[in-house]
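This report describes the fold of one protein chain and selected local features within it.

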Amino acid sequence: MTDLDQPSIHEIDTSKPHPARMYDFYLQGKDYYEVDKEAAAKVESVFPTAKTCARANRLFMHRATRWLAAEAGVRQFLDIGTGIPTRPNLHQVAQEAAPESHVVYVDNDPIVLRHAEALMRSSPEGRTAYIQADVREPKTIIASEQLHQTIDLTRPVALSLNALLHFVPDEFRPYETVQYLLDALPSGSYLVLSHCTQDFAPEMWEGVIDVYHRGGIPAQVRSRDDVLRFFDGLEFVDPGLAVPHRWRPDGEPLDGVTDAAVSIYAGVARKP
Ligand SMILES: C[S@@+](CC[C@H](N)C(=O)[O-])C[C@H]1O[C@@H](n2cnc3c(N)ncnc32)[C@H](O)[C@@H]1O
């Protein structure tokens with residue numbers, strides 16, 4: 001493929017798998033292509049609980065967002081690595097608790113852009129916006145006009161980076177990126193983050209990462225200490241960094257859940 005043949009950032013590339021569409025497959029959506037299904041099936045052959053992992057992650061997003069809106073009083077949300085819309089989306093969870101919530105979504109995948117309309121159906125009292133951007137270029141996100149039209153960066157914001165940073169290997173400087181984003185937010189803001197880990201099943205995760213790399217997707221799982229570094233300088237809310245099914249569980253049933261089956265760390269922390 002020459003550069004001229006490369007799909008533009010707005011075109012959907014069905015020649016190789018994409019993380020957003022593979023995740024949609026794990027969540028049993030309908031917005032993936034054959035190439036994604038094949039790659040996801042290869043992941044499931046080494047990680048048979050990939051669907052449990054995706055579901056546990058999604059349920060964490062629901063509970064963390066609900067807690068932030070209902071208990072912590074947050075009314076502004078910046079969600080980067082949003083994924084293909086899957087009800088309930090983050091703004092629906094936040095606006096159920098606080099209808100006046102404003103939510104900015106960001107993803108770099110054109111398939112998410114294609115479905116962004118579903119993310120824009122805000123409550124009448126609230127507001128949502130969608131920005132197509134790459135988290136590896138955080139300045140573009142923070143400088144975006146749509147962001148400033150939707151959220152006020154002088155008031156607390158919950159920044160959510162759920163199941164995103166394992167697609168940002170160290171060579172792309174993810175720690176500096178998170179720091180840059182947090183520096184743009186005032187005291188009283190929160191970081192919500194979930195991240196796949198090899199800690200509970202190291203050999204299995206070598207196999208999973210190999211499938212992503214073969215599909216041309218940059219990926220890197222991280223240990224507990226490596227994930228904790230993203231929260232440097234922040235104050236964890238209980239229970240701290242945990243496997244998602246133990247982060248303030250609300251009794252919603254999840255089949256086959258063990259730490260290795262989920263293999264994610266998740267946490268919410270406040271910027272002092
Ligand atoms: C596994 S999905 C997670 C979706 C959602 N955050 C959740 O937790 O349910 C990861 C998302 O991150 C997006 N993504 C991956 N790399 C990205 C990047 N460099 N910049 C922005 N989004 C990215 C993918 O397109 C995909 O939609």
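## Overall dimensions and composition

For a chain of 272 residues, a compact globule would have a radius of gyration near 19 Å; the protein chain has 18 Å, which agrees with that expectation. The model is a predicted one. Taken along the principal axes, the box filled by the C-alpha atoms of the protein chain is roughly 45 × 45 × 35 Å.

The protein chain comprises 11 helices and 7 strands. Of its 272 residues, 47% are buried. When contacts between residues at least 6 apart in sequence are considered, 77% of them join residues at least 24 apart.

## Surroundings of the ligand

The ligand is surrounded by 21 residues, and the closest are Ala 20, Gly 81, Gly 83, Asp 109 and Asn 162. Two elements, helix 1 (19-26) and helix 3, each give two or more residues to this shell.

## Packing of helix 3 against helix 4

Helix 3 (residues 50-70), which contributes to the ligand shell, also packs against helix 4 (residues 90-97). The angle between these two helices is about 35 degrees, and their axes are 8 Å apart. Their crossing is right-handed. On the side of helix 3, the contact is formed by Met 61, His 62, Thr 65, Arg 66, Ala 69 and Ala 70. Helix 4 supplies Leu 90, Val 93, Ala 94 and Ala 97.

By class, the residues of this contact between helix 3 and helix 4 comprise 7 nonpolar, 2 polar and 1 charged.

Helix 4 is largely enclosed by the rest of the structure, because 6 of its 8 residues are buried. The buried positions in helix 4 are Leu 90, His 91, Gln 92, Val 93, Ala 94 and Gln 95. The cover over these residues includes helix 3, together with strand 1 (76-80), strand 2 (102-107), strand 3 (127-132) and strand 4 (158-162).

Gln 92 belongs to helix 4. Gln 92 counts as buried because 20 other C-beta atoms lie within 10 Å, and the cut-off for a buried residue is 20 or more. Between the C-alpha atoms of Gln 92 and Thr 258 the distance in space is 28 Å, and these two residues are 166 residues apart in sequence.

## Thr 150 in helix 7

Thr 150 is part of helix 7 (residues 145-150). Thr 150 is buried, since 22 other C-beta atoms are found within 10 Å. Apart from its neighbours within four places in sequence, Thr 150 is in contact with His 102, Val 104, Arg 127 and Ala 129. Ala 129 is 21 residues away from Thr 150 in sequence, and their C-alpha atoms are 6.8 Å apart.

## Cis peptide bonds

A cis peptide bond connects Arg 87 to Pro 88, with omega of about -5 degrees. Pro 88 is situated in the loop between strand 1 and helix 4.

Another cis peptide bond connects Asp 238 to Pro 239, with omega of about 5 degrees. The loop that holds Pro 239 runs between strand 6 (235-236) and helix 11 (259-262).

Which phi value does Gln 28 have, as a residue other than glycine? The phi of Gln 28 is positive, near 60 degrees. Gln 28 sits in the loop between helix 1 and helix 2 (34-46). Gln 28 counts as exposed because it has 10 C-beta neighbours inside 10 Å, and the cut-off for an exposed residue is 12 or fewer.

Ser 263 is not a glycine, yet its phi is positive, at about 55 degrees. Ser 263 occupies the loop between helix 11 and strand 7 (264-270). Is Ser 263 buried or exposed? Ser 263 is buried, because 27 other C-beta atoms lie within 10 Å.

Key. Residues are numbered from 1 along each chain as its sequence is written. This is a predicted model: local features need pLDDT of at least 70, side-chain atom pairs count only at pLDDT 80 or more; totals for chains, interfaces and linings use all residues. Axes are lines fitted to C-alpha atoms, for helices over the stretch in contact, and angles run from 0 to 180 degrees between N-to-C directions. Helices (H or I, at least four residues) and strands (E, at least two) are DSSP runs, numbered from the N terminus. A crossing is left-handed if the near helix is turned anticlockwise from the far one by less than a right angle, and right-handed if clockwise. Two residues are in contact if their C-beta atoms, placed from the backbone, lie within 7 Å. Ala, Val, Leu, Ile, Met, Phe, Trp, Tyr, Cys and Pro count as nonpolar, Asp, Glu, Lys and Arg as charged, and the others, Gly among them, as polar. A residue is near a molecule or strand if its C-beta atom, placed from the backbone, lies within 6 Å of it. The radius of gyration is taken over C-alpha atoms; the globule rule is 2.2 Å times the number of residues to the power 0.38.
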